[in-house]
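Please brief me on this protein model and its ligands.

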Amino acid sequence: MKKALITGITGQDGSYLAELLLQKGYEVHGVIRRSSSFNTSRIDHLYVDPHEPDAKLFLHYGDLSDGARLVTLVSSIRPDEIYNLAAQSHVRVSFDEPEHTGDTTGVGSIRLLEAVRQAGVDCRFYQASSSEMFGASPPPQDEDTLFYPRSPYGAAKVYSYWVTRNYREAYGLFTVNGILFNHESPRRGETFVTRKITRAVARIKAGAQSHLYMGNLDAVRDWGYAPEYVEGMWRMLQADSPDDYVLATGGSYSVRDFLQTAFEHVDLDWQEFVKFDDRYLRPTEVDSLIGDASKAERLLGWKPAVHAPELARIMVDADIKAFDCEGSSWIDSPAVASWR
Ligand code: NDP
Ligand code: GDR
């Protein structure tokens, strides 16, 4: 039985990846942060009491800022595969918390790579790299496109990308960068633009919200469906040799297009509900990200099926269902409503 260690298991991608690996028969270990309230809602459905003989998912406290803990975890678990998905992953927030983002999203990766090296464990390592590294480089972007990050987040991911390559070249470790374009799902964090829109659509349709405040509607993104992307991550670690790959749909869709599709799905006109708030603008914006994933298709056989319009409808349907189940308890606190 193969063993995998996932950092960021409580996030969107970590939860889908844990699901996939458990289905494939892996023993899965996840690193979670200690928090004053429960933060495992995305993986609770996968959890089996560790006293049960069929338990295959094990959680461990840890943090990418704590290198000694990472050495202990890697040495004691001795995984065959490590997926480094943990990060401060919000681009706008990285302007508010640049140092923390650099420490987690950047330096955190070398702490984990160094833990692998120090533990002397023979394992394969996946780094969650991002299309944000391309930033201002015009589309289409592929593995050879120049990096030109436009945020502390993007710059931290460029650092992680290069140390991941460096550990491959310097120490012969099997390390890969998956350069993933935006991918979403009903489990997407509530402050990313797609989920913010689809949650608002569900609430506006139910009469529980009157307006939605947004930032730049002109930004173009290549939005795919997260469960398909975690399959790509796994395939990268099954390849004969380590390499770096872009995962993307190749589609181009603006925030405005996403708004229109999401509101139209419930027969509403988005223009009646959306207002502008400059708190959601970024000091430097990434205008257009459209990926070319032909290398992943050619070498890994990876090809996504879900494109942005269908994704928007999947997410709206899921949020309507969630709102119907949870009803009025699904109301954000004023503090949450003012987040980025
Ligand atoms: P999420 O924001 O949903 O999840 C981030 C995860 O990282 C959470 O589990 C979070 O824990 C954990 N985390 C944050 N800080 C630390 C820390 N200091 N130590 C340990 N764990 C930490 O991100 P996604 O699932 O969307 O993305 C996964 C990875 O892929 C991220 O690295 C992201 O930057 C990258 N990426 C994502 C893309 C996307 O479109 N989704 C595209 C390209 C790259 P907690 O739950 O406690 O907050
Ligand atoms: P992004 O995702 O920055 O691409 O990073 P996000 O959904 O936050 O923004 C996408 C685009 O929408 C514009 N926008 C808004 N964004 C948010 N969050 N809230 C708003 O109200 C709003 N209005 C307009 C943004 O300006 C931007 O252009 C995501 C993250 O998952 C990263 O971790 C990942 O690396 C990249 O995708 C690829």
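The points below go through domains, ligand shells, helix packing and backbone geometry.

This is a predicted model, in which local features need pLDDT of at least 70, side-chain atom pairs count only at pLDDT 80 or more, and totals for chains, interfaces and linings use all residues. Residues are numbered from 1 along each chain as its sequence is written, while chains are lettered from A and ligands numbered from 1 in the order in which they are written.

**Domains**

- The protein is divided into domain 1 (3-184 + 225-247) and domain 2 (193-221 + 251-284 + 307-334); these bounds come from an automatic or database domain assignment.
- Taken over C-alpha atoms, the centres of domain 1 and domain 2 are separated by 28 Å.
- Eight residues from domain 1 and nine residues from domain 2 make the contact, where contact means C-beta atoms, placed from the backbone, within 7 Å.
- On the side of domain 1 that touches domain 2, helix 3 gives the most, with three residues. Helices (H or I, at least four residues) and strands (E, at least two) are DSSP runs, numbered from the N terminus.
- That side of domain 1 has three nonpolar, two polar and three charged residues. Ala, Val, Leu, Ile, Met, Phe, Trp, Tyr, Cys and Pro count as nonpolar, Asp, Glu, Lys and Arg as charged, and the others, Gly among them, as polar.

**Ligand shells**

- Around ligand 1 there are 27 residues, of which Gly8, Gly11, Ala86, Ala87 and Ala128 come nearest. A residue is near a molecule if its C-beta atom, placed from the backbone, lies within 6 Å of it.
- Helix 1 (12-23), helix 4 (98-119) and strand 5 (124-130) each supply at least two residues of the ligand 1 shell, and the largest share, three residues, comes from helix 1.
- By class, the shell around ligand 1 has seven nonpolar, 17 polar and three charged residues.
- Ligand 2 has 22 residues around it, and Val91, Ser130, Val193, Gly215 and Ala219 come nearest. Helix 3 (91-96) and helix 6 (193-205) are the elements that give two or more residues to this shell.
- The shell around ligand 2 draws at least three residues from each of domain 1 and domain 2. Its classes are nine nonpolar, seven polar and six charged.

**Packing of helix 6**

- Helix 6 and helix 8 (residues 255-264) pack at about 25°, with axes 10 Å apart; axes are lines fitted to C-alpha atoms, for helices over the stretch in contact, and angles run from 0 to 180 degrees between N-to-C directions.
- Helix 6 is therefore roughly parallel to helix 8, a label for angles under 35 degrees.
- Residues of helix 6 including Val193, Ile197 and Val201 meet residues of helix 8 including Val255, Phe258 and Leu259. The contact of helix 6 with helix 8 has eight nonpolar, two polar and no charged residues.
- Helix 6 and helix 10 (residues 308-326) pack at an angle of about 50°, with their axes 8 Å apart.

**Backbone geometry**

- Most residues other than glycine have a negative phi, and most peptide bonds are trans.
- Proline 139 and proline 140 are joined by a cis peptide bond with omega of about -5°; proline 140 lies in the loop between strand 5 and helix 5 (152-171).
- Arginine 78, not a glycine, has a positive phi of about 50°, and arginine 78 is found in the loop between helix 2 (67-77) and strand 4 (81-84).

Definitions and conventions
Angles under 35 degrees count as roughly parallel, over 145 as roughly antiparallel, 65 to 115 as roughly perpendicular and the rest as oblique. Two residues are in contact if their C-beta atoms, placed from the backbone, lie within 7 Å.
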